[in-house]
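Look at the model below. Then follow the report through its contacts.

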Amino acid sequence: MSAIFKLTMPKWGLSMTEGRLVSWLVDEGAQIEPGMEVCDVETDKIASAVESNLSGTLRRKVAQEGDVVPVSGLLGVVADASVPEAEIDALIQDFQATFVPPSPEDETGPAPQKIEVAGRRLCYLKRGEGGVPVVLLHGFGGDLNNWLFNHEALASTREIYALDLPGHGESSKQIERGDVGELADAVAAFMDAVGIPKAHLVGHSLGGAIAVSIASSEPERVTSLTLIGSAGLGEAINADYIEGFVAARTRNELKPHLQQLFADPGLVTRQLIDEVLKYKRLDGVDEALRKIADTAFAGGRQASLVRDKLAQVRVPVLVVWGSEDQIIEPSHAQDLPGNVRVQIFPDSGHMVQMEAAVEVNRVLDEFLR
Amino acid sequence: MARSITFQQAINEALSQEMARDQSVIVMGEDNVGGMGAEGEKDAWGGVLGVTKGLYPKYGERVMDTPISESAFIGAAIGAATAGMRPVAELMFIDFMGVCFDQIFNQAAKFRYMFGGKAKTPVVIRTMVGAGFRAAAQHSQILYSIFTHIPGLKVVIPATPYDAKGLLIQSIRDNDPVIFCEHKMLYGVQGEVPEEIYTIPFGEANVVREGKNVTVVTLGRMLHVVLEAAANLAKNNIQCEVIDLRTTSPMDEATILESVQNTGRLVVVDEANPRCNIATDVSAIVAQKAFRALKAPIEMVTAPHTPVPFSPDLEDLYVPNAAKIEAAVVEVMAYKQ
């Protein structure tokens, strides 16, 4: 019997229950390979391309453009050219008859947890089991959902913790000094509290500077470093973005700033803006962001430069950048010490881990092995 | 992720969190304590529909039962506000506001202006509005338009649990008198609400659904009916952009005008009686400021010019429904110059 596969709606992050098929990127009859983008899907968080993990011919487009399909629902059928049409009809019929969309109750599954660490509430999401744990650290103004497309993929073979940094997400909003050191101390204290003696640290933007700071002050706690569009490798930063993000109060004010985070500004959906606005409306967020911006990015320059510390780090280091990064220029990935492996992804902006999620996950997965 | 709670719980949580944060916040109204504290009472009734339930055990004398005398306790709340408290007074039904118009219109709304900007009146008057509860003509009116007419008052009409919490906290912190209108048919509506404290600024409408064909401006409970209509219309390829005003004073003109510039068509859906209401107000603004963008006459979907009927069949006819909204949108779409 020849192979016949179901192409289904992926689940990007815990809160995703359905996606809207915006457009097909391949025609029926086209040959598909793993990693190939087959269609564009829009969720209540973000729009992205669905990449195939299958190999074969796209025999049938089950979902039409504009359809809203639940997670795990059937998008199309991929099979060998030799598979008869009747067999494909039967598969679709059988699927539609038996498919039960995951109920919202199932969706609550692994919810973020909260823990008190040194007088602060820290919120984190843990997935996966085994191996050396991985700790994901988001950037300025972000939260653990910045790892929406990476978390599940990386957790298949290891334990992953995504953290809301102090002042961010659902963690406590009080910030004392707002420098990289304060945030690094909070992360180290978090690792103590949940019992992580040693971890792979993956930091995005400001989270990258935090990761290097921990590796430098407590080298025995770090197995490897991955720095994505990282702060700390040069003085320059897009000060207009930092100021604009902190000051924005409405959807229209926020939108142009969020669009700078991506190479494709179309990825900034109304819902994505709403999520960020909901965060910015929480009590204490204005003050927290202000304090971090005024300290870590005082005068529109990066205050904490960790390039020298990086040269002394004795663990494997991976540096990832989007070639179109408008927040921290990809040139900051140049002239790094010899122990550092650098990977630049084309057509991606500052949020490269979202915009080129599949490729970044592949490189990360291999690096963390 | 935020948990899901009801509109009623969201209001209760906003009151409780602000009372915990700020000692000057007090709650008063008919039956807000509701017997709690009296001998033999184990639990508070918490207002006519239980919205303030549980506050008295936590905050004691900062939650007060008042006599059935709206003129007296609304006046007292306004007085307390001028003296430095942040009172939240519950006036059961907006229909009863008439007996304290002097206190609200001619006193609270005017203090800032009469005293050279030196007086502030941070009072919130929470009140139930709207039809659909089989409560007849004297307990079912919507009336927010009357308060919108008065400079010096802020008027808030939340449509979702998330908005109810954030807008009520903003109302409590605001230094002007706020009329906070809670549609009684929304109390059971569930929605995601953060546990943390947050505020939603006044005068910022919410674009709840994006669409390129018709702008539908609405508020309060009607948002849910409009969304139902918009979902039906989408099946026929008519894409509605749905705007929830959230507050009518101040009102977010910019969002309305920007949307009409894009769609060229406007339908306004308002549960109020048709004369001098929010629908006429929004229509006038758009006709004046975006006339050239319009491809069709503006349509308004409102209640008729009658009191709210007691007969359930007639009451259901009275309140705008999805079919009427869909018909109005179809008419606007079909218009040829």
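How many Å separate the centres of domain 1 of chain A and domain 2 of chain A, taken over C-alpha atoms? The value is 32 Å. Domain 1 of chain A covers 4-106, and domain 2 covers 113-368. These bounds come from an automatic or database domain assignment.

This is a predicted model: local features need pLDDT of at least 70, side-chain atom pairs count only at pLDDT 80 or more, and totals for chains, interfaces and linings use all residues. Residues are numbered from 1 along each chain as its sequence is written, while chains are lettered from A and ligands numbered from 1 in the order in which they are written.

**Contacts**

Two residues are in contact if their C-beta atoms, placed from the backbone, lie within 7 Å. Between the domains of chain A, 10 residues of domain 1 meet 12 residues of domain 2. Between the chains, 9 residues of chain A meet 12 residues of chain B.

The table sorts residues by class. Ala, Val, Leu, Ile, Met, Phe, Trp, Tyr, Cys and Pro count as nonpolar; Asp, Glu, Lys and Arg as charged; the others, Gly among them, as polar.

| Side | Residues by class |
|---|---|
| Domain 1 of chain A, touching domain 2 of chain A | 3 nonpolar, 2 polar, 5 charged residues |
| Chain A, touching chain B | 3 nonpolar, 2 polar, 4 charged residues |

**A helix pair in chain B**

Helices are DSSP runs (H or I, at least four residues), numbered from the N terminus. Helix α3 (residues 70-82) of chain B packs against helix α4 (residues 101-108) of chain B at about 25°, with axes 8 Å apart. Axes are lines fitted to C-alpha atoms over the stretch in contact, and angles run from 0 to 180 degrees between N-to-C directions. α3(B) and α4(B) are therefore roughly parallel (angles under 35 degrees). From α3(B), the contact includes S71(B) and I74(B). From α4(B), Q103(B) and I104(B) are among the residues taking part.

Technical notes:
Helices (H or I, at least four residues) and strands (E, at least two) are DSSP runs, numbered from the N terminus. Angles under 35 degrees count as roughly parallel, over 145 as roughly antiparallel, 65 to 115 as roughly perpendicular and the rest as oblique.
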